[in-house]
Amino acid sequence: MAPMAALLRTALNTTSYLAPRLAGRAAFAVFRRPAGRSRPRPDEREVLAAARTGRITVHGTSVVTYRWGDGIRPVLLVHGWSSRASRFSYFVTALCELGYSPVSFDAPGHGDSSGRGVTIRELREAIGQLHAQYGRFEAVVAHSFGVLATFFALRDGVEARRVVGIGGVAEFGHVLEGFRAMLGLRERIIGELRGHVERTLFPGEPDIWRRLDATYRPEEIDADVLLFHDENDDMVPLSQSRALVRAYESRSDEEGTGVRLVVTRGLGHRRILADPEVVAAAVDFVRSERTRLQPEPQPQPRSVSDGPVTGPRSGSAVL
């Protein structure tokens, strides 16, 4: 364990015996802060420079927004934890070539935005403001924690025709457990952290922990869903995308909505965003017409990293 993490573990665990609420509040301050502020990579700078930038205010924090194209046929890009909008540069290029207008933002405490941390409530607010500005999205493409935030926003009135989730988190409890395990914290601290979130972020809102999960009430999401997840993702386990599949394949297909999962090999949690075949498959999904997904027989073995994706089966993993 790194020296800083060991120091935090000792301080928080000790405080939890003497002042549990204080420990929960302090743990939340650590929890909401990203591990460093990433910078644009060399292969992202040209795309980033071509964007029209703007600013919105999210709970008092100045947030940088990006838009490519003329604003018609908007596609929202939602980055993950400790990341930034520029990580979608390959998606931006592919979408612009087809006449879409990619729209994105650096979350509070990330990229070029102000602040020192972010909450899922603030992500929902940022997504909502961009939805108010651009209208219904042709699609939302989200990565990692951004997937969780996207579904939270969709159940709060944001509209999108399609959703692409990449290495996505489905359950908020998974994030909390990962945080607890990483620092070696007592279970009681996580309980107090939950109480702090309930009191300060969502006061008076019932059943908030279930509503934070992307798997909650899938019938409320009127969008086709395509998921990509690497079998050896070292940050978010494949089981998270499988949980989304189980939830969303239960929707009635009378409205034509469906869910698909593509499992990749050898791309991990980050390189998957730059894989040409993942990008091509995702963009093809964005531009395709909605059709009712039919049950498929056992899928043929295939990997995105091994060859083109010609049609992942409904609710299946393609290797």
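Select α7 and α8 to begin: these two helices are oblique to each other (angles under 35 degrees count as roughly parallel, over 145 as roughly antiparallel, 65 to 115 as roughly perpendicular and the rest as oblique). The model is predicted, so local features need pLDDT of at least 70 and side-chain atom pairs count only at pLDDT 80 or more, while totals for chains, interfaces and linings use all residues. Residues are numbered from 1 along each chain as its sequence is written, and side-chain values use heavy atoms, with hydrogens and water left out.

**Stop 1: α7 and α8**

Helix α7 covers residues 172–183 and helix α8 covers residues 187–200. Helices here are DSSP runs of H or I with at least four residues, strands are runs of E with at least two, and both are numbered from the N terminus. The axes of α7 and α8 come within 10 Å and cross at roughly 135 degrees. Axes are lines fitted to C-alpha atoms, for helices over the stretch in contact, and angles run from 0 to 180 degrees between N-to-C directions.

Show side chains on Gly 173, Leu 176, Glu 177, Phe 179 and Arg 180 of α7, which meet Glu 187, Ile 190, Leu 193 and Arg 194 of α8. Contact means heavy atoms within 4.5 Å. By class, the residues of this contact divide into 4 nonpolar, 1 polar and 4 charged. Ala, Val, Leu, Ile, Met, Phe, Trp, Tyr, Cys and Pro count as nonpolar, Asp, Glu, Lys and Arg as charged, and the others, Gly among them, as polar.

**Stop 2: α2 against α8**

On the α2 side, select Pro 20, Arg 21, Ala 23, Gly 24, Arg 25, Ala 27, Phe 28 and Phe 31; they meet Arg 188, Ile 189, Glu 192, Leu 193, His 196, Val 197 and Arg 199 in α8. This contact comprises 8 nonpolar, 2 polar and 5 charged residues.

What does Asn 13 touch, not counting residues up to four places away in sequence? Asn 13 sits in helix α1 (residues 3–18), and the residues it touches are Gly 184, Leu 185, Arg 186 and Ile 189. At 13% relative accessibility, Asn 13 counts as buried (under 20% relative accessible area; exposed is over 50% and partly exposed in between, with a 1.4 Å probe and protein chains only).

**Stop 3: α5 and α6**

Move to helix α5 (residues 120–134) and helix α6 (residues 145–154), whose axes come within 9 Å and cross at roughly 65 degrees. Their crossing is right-handed. From α5, the contact uses Ile 120, Leu 123, Arg 124 and Ile 127; from α6, Phe 145, Leu 148, Ala 149, Thr 150, Phe 152 and Ala 153. It holds 8 nonpolar, 1 polar and 1 charged residues.

Because 10 of its 10 residues are buried, α6 is largely enclosed by the rest of the structure. Its buried residues include Gly 146, Val 147, Phe 151 and Leu 154.

**Stop 4: a strand residue**

Is Ser 101 buried or exposed? Ser 101 belongs to strand β4 (residues 101–105) and is buried, with a relative accessible area of 0%. Leaving aside its neighbours within four places in sequence, its contacts are Trp 68, Gly 69, Asp 70, Gly 71, Ile 72, Arg 73, Pro 74 and Val 75.

**Stop 5: loops**

Most residues other than glycine have a negative phi. His 59 has a positive phi, near 50 degrees. It is found in the loop between β1 (52–58) and β2 (61–67), partly exposed at 43% relative accessibility. Asp 207, in the loop between α8 and α9, also has a positive phi, about 55 degrees, although it is not a glycine. Its relative accessible area is 36%, which is partly exposed.

Arg 217 lies in the loop between α9 (208–212) and β7 (224–230) and is partly exposed at 42%. Draw a C-alpha to C-alpha distance from Arg 217 to Tyr 248: 8.9 Å in space, 31 residues in sequence.

**Last stop: the chain**

Zoom out. The protein chain has 11 helices and 8 strands. Of its 319 residues, 54% are buried. Among contacts between residues at least 6 apart in sequence, 74% join residues at least 24 apart.

Technical notes. Left-handed = near helix turned anticlockwise from the far one by under 90°.
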